[in-house]
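Please look at the structure below before reading on. The report takes up a few local features and then a pocket.

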Amino acid sequence: MKKKIYVVDDEPKIGKLFTNVLERDGFEVKAFMNPVKMLKTLEEEKNAVPDVVLADMMMPEMNGVELLETLKDRGVSVPVIIMTAHSSVQTAVEAMRQGAFHYLQKPVNLEEMRALLDKALKLYGAQQELEEIKTKQKAKYPIEGILGTSDAIVRVRETIQTLCGASNTTVLFSGETGTGKNLASKTLHYNSPRAKKQFTEINCAALPDNLLEAELFGYEEGAFTDARDSKQGLIEVADGGTLFLDEIDSMSMALQAKLLSFLESRQFRRLGGVEDLTVDTRILCATNANLEESVKDKRFRKDLFFRINVVNVKLPALRHMDEDVLVIADHLIQQFSRDLGREVQGFTEAAEQKLLDHMWPGNVRELRNVLERAMIFARGEKITADDLTLAPPGRLGEMHAAGEAFQFPMNRTLKDLEKAYIQRTLEINDSSYADIADSLGISKKTLWDKRKRYNLDEVVDR
């Protein structure tokens, strides 16, 4: 497909010359006597936006700088090369500050023009490709993609929708492993004004502390033995965009202090550096731990907790989402059907009941794995209960229960056991807190203390 070039010059001879030259070079060219006619063409014709505009600086009705401003106001992103006489070079330089791609002095050197056009087309093509990628990513993470109709999920979607407009606010995503904290963070980024910039993520538990610091803040040449070159950190790479810190509770106290300093000032230094760097990076954090308890145990800084806990988006566990399990399961089945080339029509009633009865300690991540396996081995039009291979109670190191039974894995602490037992007692007992405390053999105040200490009011729906 031919690249389209618009030539805007009030001298007819210039327009005709450039049209002949550029058409021989294989371009589609349209010449205009003034910018107003070009702008009218953009309004009236479909697919009229060119790949490059060659515009004279001094023209009647509208000069080159005014043309740049008008294109910008109309949201037309296209490289503009300004042509100017020698006496107006300073004006052309000013036009570049306003967004012009470059300028050419008249009389125009054709080879110089060809070189600039080639450079502009390559850059514009790369920008268009990047915009297409960003558009596809935004379409991949709509807010409606956080599935479910339960009250908890509706609150999550509403909160994310609100936070999209507060693009500088630090957000903490909390919830059990596999509840979709990563999905929620990407949804927030790609629906915010920062969507055109980079989304970068790192799992703080995946790296030793010294490597994590280097990854986050970067380093200068010679900062340590293997630092042969300077390197940007992820905070710097994500400038203008978003940095997602997963499992932030795994970060050391010393590194927490450095992160807090950045959040307060938006400035940092690379390892081995002496210069303060300033970036506009939004920080999103996630944890499956109880940070309040970590603060009490002095494993997490109180001041950092307050700084990242500006807004806490709590992702509910799958076992608390009732019929939403089936909504998510149906969505995953459709995905796997496309990926695997299968035509599975859903679940039998027995399979649906099996999905509803399971405790899902691994949450959506576990559900995805179970359904992927079922899709691979299922032979009928619908997935049956026998196709669903679920982990037996206790296998995954979490508390499971059926009816009023209580099971708990070995090799866990007494603290974990106490928390799990109180949680299960609260889940299966509709009595008052006073009666529940009596059944546990503790006072009502002690039960209240333990509910707050273990954050049980957040995970038990009463």
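In which loop does Pro107 lie? Pro107 is in the loop between strand 5 and helix 5. Helices (H or I, at least four residues) and strands (E, at least two) are DSSP runs, numbered from the N terminus. The model is predicted, so local features need pLDDT of at least 70 and side-chain atom pairs count only at pLDDT 80 or more, while totals for chains, interfaces and linings use all residues. Residues are numbered from 1 along each chain as its sequence is written, and side-chain values use heavy atoms, with hydrogens and water left out.

**Backbone**

Most peptide bonds are trans, and most residues other than glycine have a negative phi. The peptide bond from Lys106 to Pro107 is cis, with omega near -5°. Glu247 has a positive phi, near 50°, and is not a glycine. Glu247 is found in the loop between strand 8 (242-246) and helix 10 (253-265). Asn455, also not a glycine, has a positive phi of about 60°. Asn455 sits in the loop between helix 18 (444-453) and helix 19 (456-459). Glu247 is partly exposed at 25% relative accessibility, and Asn455 is partly exposed at 27%. Here buried means under 20% relative accessible area, exposed over 50%, and partly exposed in between (1.4 Å probe, protein chains only).

**Salt bridges**

How many salt bridges does the structure hold? There are 23; a salt bridge is a side-chain nitrogen of Lys or Arg within 4 Å of a carboxyl oxygen of Asp or Glu.

| Lys106 | Asp56 | 3.2 Å |

Lys106 is partly exposed at 22% relative accessibility, whereas Asp56 is buried at 6%. Lys122 and Asp118 are four residues apart in helix 5, so about one helical turn separates them. Lys122 is exposed, with a relative accessible area of 59%, and Asp118 is partly exposed at 39%. Arg301 is partly exposed at 27% relative accessibility, as is Asp303 at 34%. Salt bridges with shared partners join Glu293, Asp297, Arg299 and Lys415 into one network.

**A buried tryptophan**

Trp360 lies in the loop between helix 14 (349-357) and helix 15. Is Trp360 buried or exposed? Trp360 is buried, with a relative accessible area of 0%. The C-alpha atoms of Trp360 and His320 are separated by 9.8 Å, and the two residues are 40 apart along the chain.

**The second largest pocket**

A pocket is an open set of points on a 1 Å grid over the protein atoms alone, where a 1.4 Å probe fits, with protein on both sides within 12 Å along at least five of seven lines; lining residues have an atom within 4 Å of a point. The second largest pocket holds about 920 Å³ of space. Its lining has 33 residues, and the closest to its centre are Thr179, Gly180, Leu183, Val364 and Arg368. Helix 7 (181-190), helix 13 (324-340) and helix 15 (363-377) are the elements that give two or more residues to this lining. Helix 7 gives the most, with six residues.

Notes
Grid points are joined across faces, edges and corners, and a volume is the space filled by probe spheres set on the points.
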